[in-house]
Amino acid sequence: MSDRLLVSSGIDTGEGASELECLPFGVHHDDEGVCLLMRMGPHRILLDCGLADISPLVKGLTKSARRGNSPLPADLVLVSHAHPDHARGLLALHKAYPLLPIYASEVTSKLLPLNWLEQDRQEVSQFCQALPLRSPVEFKDGLVAELFPAGHLPGAVAILLTYTTQERSYKVLYTGDFFLSNSRLVEGLRLEELRGIELDVLIIEGSYGTSRHPHRRSQENQLAERINRAIAERCSVLLPTPSLGLGQELLMLLRSHHHFTGRDLDIWVDGSVAIGCDAYLELLTNLPSSVQNFARHQPLFWDERIRPRVRRMMPEQRPYLGNPCIILTDSTADVRQYCEPDTGSWLILLPEKTNIKINEEYSQLTTVETYLLAQHSDGPGTTQLIHNLRPQHVIFVHGSPAYLADLTSLEELQNRYHLHSPAAGTLVELPIGETFLQPAAPETNYEGELTELGTVVTITLPDAITADPRWRQFADTGLIEARWQGEDLILRGLSQRELLNQSGDRFIWSDVDCCGTCRYQRGQRCWNPASPLYNFKVTLEGYCPAFERNSEKSAES
């Protein structure tokens, strides 16, 4: 059996259908958001609604309701957490179907209104009903749901659905976004709470694919060290982040890390990130005990007495922020309103694997880098959860197609589970206890040759590897870094940004005619219309006939 495309966009509830089916309306490919319709026997459960445009969903649900003779397009909606990619379409869905019940954890129900700040808050806050944690709730005859904390964000839950017939019980777990590790403001998902539930289907996110991350504390220390170095060099730091989650985590890190405690420094918080901080303060009793203990001795966020000072930014304060300082602002904010020419040097730090876009050409005094502060489990964490739950079927959602393909290609998963990674509109039938032939995994291994020539080692790979969308980023500069990992040699492409910030190399270029000292190179791109490299990314050691030295720009700028 393989997943099939559901042309009619509705779930068949007629004779001969299996007891379990899942129809994705969105699986978070290309920012489409997550939205899944799960059928368990006669019951239809909508899991999340992160679609920016719900018209395909409404059309599909209407057809499904007509087949089942139901006055509502689904029996209920269950929301995993309040991030926009899982929740942005809920208000429109509620307006289209006011009688459709929508449920979430208590904390999520209070955070959801931050997705529609332009709407009347009282109207927005009334459509989602709160459910208790770790307490089974029966919604329909034989249909029970139970919520378990999933880490990642306050209020985020994994949803366990149980459908019981006279013959047996069917169990489906939807993780939403999950994180096994503890973070500053959220405790991680507890594996012991979910072991032994005899799961049939696991719907799991694969945001990071098979990537392996350093320990969470190591990630925090690396980021804090980079910010500390920038401040020591009299460089202000700008951190664009989403409204909920990462921004508040960063603020707690800056308040409590040894690099910053007691330091004469201003941290400014702007836009919806500040509103998110206010929402966290209203939910303080739902945060970890360590955070509550912190708040007993000093304010959690807003504090102008204890250094570093944390302040809410007002528009009229922007010209008088002082230098250096740290600013947390919306991921959609125009960074030019902060990094003005007369405010000194700026370091803009963007989270890895983000869709945050900024204009890098407007200032020669601005450096843009990325950092890792993971909010999802990495590859080992994902496989750990799967092996602990041991379901018959695993459905991967929430990740780029390439990353999800990496997960479905893992031999350790292929040999044990029925794996699915459907696109939107592809119905996944989930027969339980039947013989199942796992479809062949997509080819992700490439055989090459290694040649030693004197002092040089050459590795040759087939050109088929360039078809992968990740190749362009890997091969961007043509330079790689190699390191041993046990008996394996790991290759990693070096980005333009990394080359720019390798201080050991900058002094080599100071007296050389190259892109690193050209007046038209800004943000690792060429802005000289007369150059054949115009509007392309360039390596700092590169050169073209249109080179013009920038006398005011040293190799360190």
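Ala, Val, Leu, Ile, Met, Phe, Trp, Tyr, Cys and Pro count here as nonpolar, Asp, Glu, Lys and Arg as charged, and the others, Gly among them, as polar. By that division, the lining of the largest cavity has 11 nonpolar residues, four polar and no charged. The model is predicted: local features need pLDDT of at least 70 and side-chain atom pairs count only at pLDDT 80 or more, while totals for chains, interfaces and linings use all residues. Residues are numbered from 1 along each chain as its sequence is written, and side-chain values use heavy atoms, with hydrogens and water left out.

A cavity is a set of points on a 1 Å grid over the protein atoms alone where a 1.4 Å probe fits but cannot get out, and its lining residues have an atom within 4 Å of a point. Grid points are joined across faces, edges and corners, and the volume is the space filled by probe spheres set on the points. Two cavities of 30 Å³ or more are found in the whole structure. The largest holds about 90 Å³. Of its 15 lining residues, Cys515, Cys518, Cys526, Ser531 and Cys544 lie nearest the centre.

Strand E13 covers residues 236–241, and because six of its six residues are buried, the strand is largely enclosed by the rest of the structure. Buried means under 20% relative accessible area, exposed over 50%, and partly exposed in between (1.4 Å probe, protein chains only). Strands (E, at least two residues) and helices (H or I, at least four) are DSSP runs, numbered from the N terminus. In a regular strand the side chains alternate between the two faces of the sheet. In E13, Ser236, Leu238 and Pro240 point one way, and Val237, Leu239 and Thr241 the other.

Strands pair if DSSP finds at least two bridges between them. Val237 stands opposite Ile326 in E16, and its bridge partner in E17 is Leu347.

The whole structure has 19 salt bridges, each a side-chain nitrogen of Lys or Arg within 4 Å of a carboxyl oxygen of Asp or Glu. In one of them, the closest N and O atoms of Arg39 and Glu21 are 3.5 Å apart. This pair links distant parts of the chain, with Arg39 in strand E3 (residues 34–40) and Glu21 in strand E2 (residues 20–27), 18 residues apart. Arg39 is buried at 4% relative accessibility, as is Glu21 at 1%.

Definitions and conventions
On a 1 Å grid over the protein atoms alone, a cavity is a set of points where a 1.4 Å probe fits but cannot get out, and a pocket is an open set with protein on both sides within 12 Å along at least five of seven lines; lining residues have an atom within 4 Å of a point.
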